Every structure is written in structure tokens, then in C-alpha cells.
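Thanks for making the time this morning.

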Amino acid sequence: MNIIINPPRNEWTALLQRPVLDHSVLETAVLQVLDNVKQNGDKALIELTRRFDGVLLKDVGVPDAEMAAAEQALPAELKTAIIQAKQNIEKFHSAQMQAVIKMETMPGVQCWRKSIGIEKVGLYIPGGSAPLFSTVLMLGIPALLAGCKEVILCTPPGKNGNIHPAVLYAAKVAGITQIYKAGGAQAIAAMAYGTETIPAVYKIFGPGNQYVTCAKQLIQRGGIAIDMPAGPSEVCVLADETANAAYVAADLLSQAEHGPDSQVLLVSTSAAVIEKIIKEKQRQMVALPRKEIAAQALANSKAFIIENMSDAIALINAYAPEHLIINCENDEAITELVVNAGSVFLGNYSPESVGDYASGTNHTLPTNGYAKVFSGVSIDSFVKKITYQKLTREGLNNIASTVIGMAEAEGLQAHANAVKMRIEGRSGKS
């Protein structure tokens, strides 16, 4: 972890850069995958799974026997944890459901808005060395609460050709029944264009590596909606003298173990705090099963010693972290000054892990600085909102002069005539 002391503001942009691949090389490789799946469907998926995952599949579907075996394979304690997480996520997201409110903007002019679930959505669940079964709950639960009629789930198989049992059990708990064995950019292509087995969808959700993110951005150009350009995960921790160094170190490592392209930032006004946390981080990392992965991520990570808290907050807003942990004495006052972050965790007893799994908030969040303009996934992500209006004769008379005057001022006479004909009572008959 590189320590940077009081950098001038004109250097912040360069210092806060995320580690990325060459975009031209990345896009070329992903376009080839997208075109292959678009042209060759299931055959391409099976070949690409063999090439990238080292697994030869007969087909991309999940048989009933595999679903049943997955449930039997999981220990009771994990099943209980998944159910508890499901209940908390469902409770938090249910509260986001909006009732239809009809209102009169003026006498006889009634307007309202209604949320309608997107009919067909696709969920991408990363696999590989750490299958994210928690993401199944984070995406599947709000999708079904929102009223999406068709929910497709794609995730890469393990080396045995099967999907991780916890992913399949979480899908069952969430209520998802259409599950397919496909990972990476090829899974995004399958859900975007459809194959012989996997239906095409209208919007695709889910985190992933830079290849998945690039695939999502490319298919968006073709008219398929995506949740956000969510790439490699990241965390920023703001710590002062009241922070527990062991807790902060554990938070940094929990993010670093996601993958070698994850990024970790530590910010403090105290050099002593930074030093204590880094020593604790080194002590804890030795015992981690994924310490090599964490070490690679930490090589791209930075610790900032900033002169005052005001500048520290400004640095964080410039970075716009996916996850922000505020481990400071005045955490709630500080968070009022944060305007760019995906999800915020306050105090010594709010590790990022609780948001990742079970507190109830969603862990599918904007990365790579997109927290400046994107929100994390919510019920709103799975619906479109349609507006309605209904006018009485009185209402049209009340608003007629306003509409006619504005339409004629814009030179749109037919717009004005649509109102004039009604208030003058013309029938259109000769």
C-alpha cells in the first residue's frame, strides 16, 4: 500500500485513477465474444466456456437433479443465513415500493404516475474463485418484488460443470427458476441477444470483471439497458484516532480479497493512525487463504495522509467510492458532507461485510467513479414509471389558454388546434 502525504489538489485526479486494462484491446476482445454468441448461440457458449473456464458442457441449462443436489449439499447453518439475509433484503426493498398518488394540478386536471416492472430482466452472478451467491439475493429479490415477469440468471459453472450449490439455493430462496451456465462477456451476450436456450431480455444487471463491464457497455449501445457500469470492487475508509485499527485493517482486506483488480483506499488526517492500520493489515493478511490475491490488490492501493478533515472529505468526493466506511468520532456529521458514494458504513461496528450480505441494503453499486452519477441497485432499477393524465371538460377549459398560447408561440399550430377543437365543441362531421 503506497502512502501519499498531503498531495496538492491538482494531482488528485492522477492519484485516484483506478487500475484498468487497455480499453482498445479489451473492447476488441469483448466484441469478438459478443459477435460469436450472437451468430452461434448455445454452440458459442459451450465453446467459450471450454476455452475460458476449462469446462466442457453438454448444454447450458440446469437440470432438476442438480438443483435438488445443491440444496442437500449445503449445511443447515448456511441455509439459515441465506434465509435471514433474504428476509432483511426483502424488508428493506419492500419499503421502496411506491403507492400510486393521484393529484390535481388544477381543477379538473388529474395526473399520476405508476411503476411497472420491466418484463424481462437478466441477472449476472460472478463465479470463479468466489461465487457470489449473495448477489443472487441482491438482484433477484427486488426484481420479483418489482413485478418483473421473466427473470433470467446466468453464472459460470465450476470445474465439475455444476453451478455452486449456494448460488442455486439462493436462487430457489429468491424465487428464480430460469438459471443457465454461462459466465463472462458471453453470458452478457446471451442475455442481450438470446440463444436457442437462453431468452433475450430488456435489461441486464450484475457486477463483474472488466470484461463483463465492457460487454454491458457495448450491448447498451445496441439498445439493451444495463443497471450501471459496475466493474471491479473498491472501498475507501476514512479513519481518525477513534478508529479501531484491527477493524479497519479487516475492512481493507475484505475488499482486497475480491480480486487482484480491486482497489483499496485509506484516508486519515493522522500519520500515526495510518501506520497502525498498515501494521495490523500486514499481521492479518498472513493468515488469509486468499492472501496472494489480496496482496496484488493492495499493490494498486493507496493510503492518504491529508492535512485536515475538510480536504479529506473533498478527496473522497473526488474519488466517489463504491463503498465508503467512515470510522470517525463524528461519523454522522461527516456523512452529511459526502455527496459521491455508492453505500456508506458508519462507525466501528458497521463493516462493509454486513452490506455485502445481510443488513438489507443492496451491494450492487457503482464503481470506477460512477457514484458521481449512478445509484446502487434498488426497486427503482427494475421498474419503469409511466405518467398518466385525465382531464374533465372543465379541466381542459381551465388549462386551454395556457396550452394554446404556448403552442402558438412555438409555431406548433396543430398542437393548439387539438385543444381549440375540443373547447369549441367541433365534432369533425361535415
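This is a predicted model: local features need pLDDT of at least 70, side-chain atom pairs count only at pLDDT 80 or more; totals for chains, interfaces and linings use all residues.

Residues are numbered from 1 along each chain as its sequence is written, and side-chain values use heavy atoms, with hydrogens and water left out.

Helix α15 covers residues 393-409 and helix α16 residues 413-423, and their axes come within 9 Å and cross at roughly 155 degrees. The two are therefore roughly antiparallel to each other, a term kept for angles over 145 degrees. On the α15 side, the residues in contact, that is, with heavy atoms within 4.5 Å, include L396, A400, V403 and I404, and among those they meet in α16 are A416, V419 and I423. By class, this contact has 8 nonpolar, 3 polar and 4 charged residues; here Ala, Val, Leu, Ile, Met, Phe, Trp, Tyr, Cys and Pro count as nonpolar, Asp, Glu, Lys and Arg as charged, and the others, Gly among them, as polar.

The second pair is α4, residues 76-94, with α5, residues 133-146, which pack at an angle of about 40 degrees with their axes 10 Å apart. That angle makes α4 oblique to α5, and the crossing of α4 and α5 is right-handed. The contact draws on residues including L78, I82 and I89 of α4, and F133, L137 and M138 of α5, and the residues of the contact of α4 with α5 divide into 10 nonpolar, 2 polar and 2 charged.

About 310 Å³ of space lies in the second largest pocket, and of the 22 residues that line the second largest pocket, the closest to its centre are H23, Q210, T213, Q217 and N368. Helix α8 gives the most to the lining of the second largest pocket, with 6 residues. By class, that lining has 8 nonpolar, 9 polar and 5 charged residues.

How values were computed: Axes are lines fitted to C-alpha atoms, for helices over the stretch in contact, and angles run from 0 to 180 degrees between N-to-C directions. Helices (H or I, at least four residues) and strands (E, at least two) are DSSP runs, numbered from the N terminus. Angles under 35 degrees count as roughly parallel, over 145 as roughly antiparallel, 65 to 115 as roughly perpendicular and the rest as oblique. A crossing is left-handed if the near helix is turned anticlockwise from the far one by less than a right angle, and right-handed if clockwise. On a 1 Å grid over the protein atoms alone, a cavity is a set of points where a 1.4 Å probe fits but cannot get out, and a pocket is an open set with protein on both sides within 12 Å along at least five of seven lines; lining residues have an atom within 4 Å of a point. Grid points are joined across faces, edges and corners, and a volume is the space filled by probe spheres set on the points.
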